[in-house]
Amino acid sequence: MRVAVFASGNGSNFEAIAKSDELRNLGLEIEILVCDQPKAHVLKRAKKYHIPVFVNQLSNYPDRSSYEQAIIEKLKPLNIEYILLAGYMKVVTPTLLTAYPNHIINIHPSLLPKFSGLEAIERTFKAGEEVTGVTIHYIDEGVDTGPIIKQCKVVRLRNDTEASLEARIHQTEHQMYRQVILDLLNKNNEVAK
Ligand code: GRF
C-alpha cells in the first residue's frame, strides 16, 4: 500500500509510522513526505528513514488550489493510494479531496467533535476535562470533521500537568495510527487475494 504522509512540524506520528517494521512487512510503503514548512523537524526524521520529501510552501502559489495542484502533480506518478495527515497544519480544500476521495486520513488529539481545531490539547486541559482522547478520521471539507475510523480515550490523572497529559496523548496517537494503518493493510491484502 503506497502512501504519502503530510506533516508540518515535529513529526512524531510520522516517525511512529516510518519506523514500524510490522507495517513495512505487511506492505506499507511511504513514498513521500509532503511538508509545507522548510524548517520543520519532521524533515530530519524523513532523512533518517531515507524517505523522499516534497517541501511545498503555500506562499509560492497564488492560491490554495494551485498549491494543492502542485502536490497532486507530485503524487500522481507515485501511485499513492492513501494520504495520511500527521500534524499537517493546512486545511485541505476540494482540489485535493477530489483527487483522493475517501482516501485522506487525519489524526486529531481530542474526542471529536469536541475540541476540533488548533491547540486541542491545551484547550482540553484548560477546560478541566477528565477524559479526553484521540480521533482518527477520514477528512471532508470541514475542519476536523468527516467519518470517524477510530477513537480512544485518554484519562486525565489527578497529578497531570498539561505536558504529562500531552505526552500520554501522543503515545496513544502513535499506537492508534499504527493500528489503523495495520487494519487498512490487512483489508487491502484481503482484497488482493
Ligand atoms: C498531533 O497531536 C496530531 O494529532 C495533530 O498534530 C500533532 C502532530 O504531532 N494533528 P507530531 O508532529 O506528529 O509530533
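Helices (H or I, at least four residues) and strands (E, at least two) are DSSP runs, numbered from the N terminus. The model is predicted: local features need pLDDT of at least 70 and side-chain atom pairs count only at pLDDT 80 or more, while totals for chains, interfaces and linings use all residues. Residues are numbered from 1 along each chain as its sequence is written.

**Stop 1: the annotated domain**

Select residues 1-181, which an unreviewed UniProt entry annotates as "domain: Formyl transferase N-terminal". UniProt positions are given in the numbering used here, feature names are shortened, and annotations may be inferred rather than shown by experiment. This span is 35% helix and 23% strand, and its end C-alpha atoms lie 10 Å apart.

**Stop 2: the sheet**

Next, colour the strands. Seven of them form an open sheet of mixed pairing, in the order S3-S2-S1-S4-S5-S6-S7. Two strands are taken to pair if DSSP finds at least two bridges between them. Strand S3 (53-55) and strand S7 (148-155) stand at the edges with a single partner strand each, so one side of each has no neighbour in the sheet. From one strand to the next, the twist averages 20°; axes are lines fitted to C-alpha atoms, for helices over the stretch in contact, and angles run from 0 to 180 degrees between N-to-C directions.

Now select S2 (29-35). Is this strand mostly covered or mostly open? S2 is mostly covered, with five of its seven residues buried. A residue is buried if 20 or more other C-beta atoms lie within 10 Å of its own, exposed if 12 or fewer, and partly exposed in between, with C-beta atoms placed from the backbone. Strand S1 (residues 2-7) runs parallel to S2 and is joined to it by six bridges; here Phe6 stands opposite Val34. Three bridges link S2 with S3, again in parallel, and Leu33 has Val53 as its bridge partner.

Move to strand S4 (residues 82-85), which runs parallel to S5 and is joined to it by two bridges. Show Ile83, which stands opposite Ile104 in S5.

**Stop 3: His108**

Select His108 in strand S5 (residues 104-108). The unreviewed UniProt entry lists His108 for "active site". His108 counts as buried because it has 23 C-beta neighbours inside 10 Å. Residues up to four places away in sequence aside, His108 touches Ala120, Thr135 and Asp144. Contact here requires C-beta atoms, placed from the backbone, to lie within 7 Å.

**Stop 4**

**Stop 5: Pro38**

Finally, select Pro38, in the loop between strand S2 and helix H3 (42-48). Pro38 counts as exposed because it has 9 C-beta neighbours inside 10 Å. Leaving aside neighbours within four places in sequence, Pro38 is in contact with Val55 and Gln57. Pro38 and Gln57 are 19 residues apart along the chain, and their C-alpha atoms are separated by 7.9 Å.

Note on methods:
Two residues are in contact if their C-beta atoms, placed from the backbone, lie within 7 Å.
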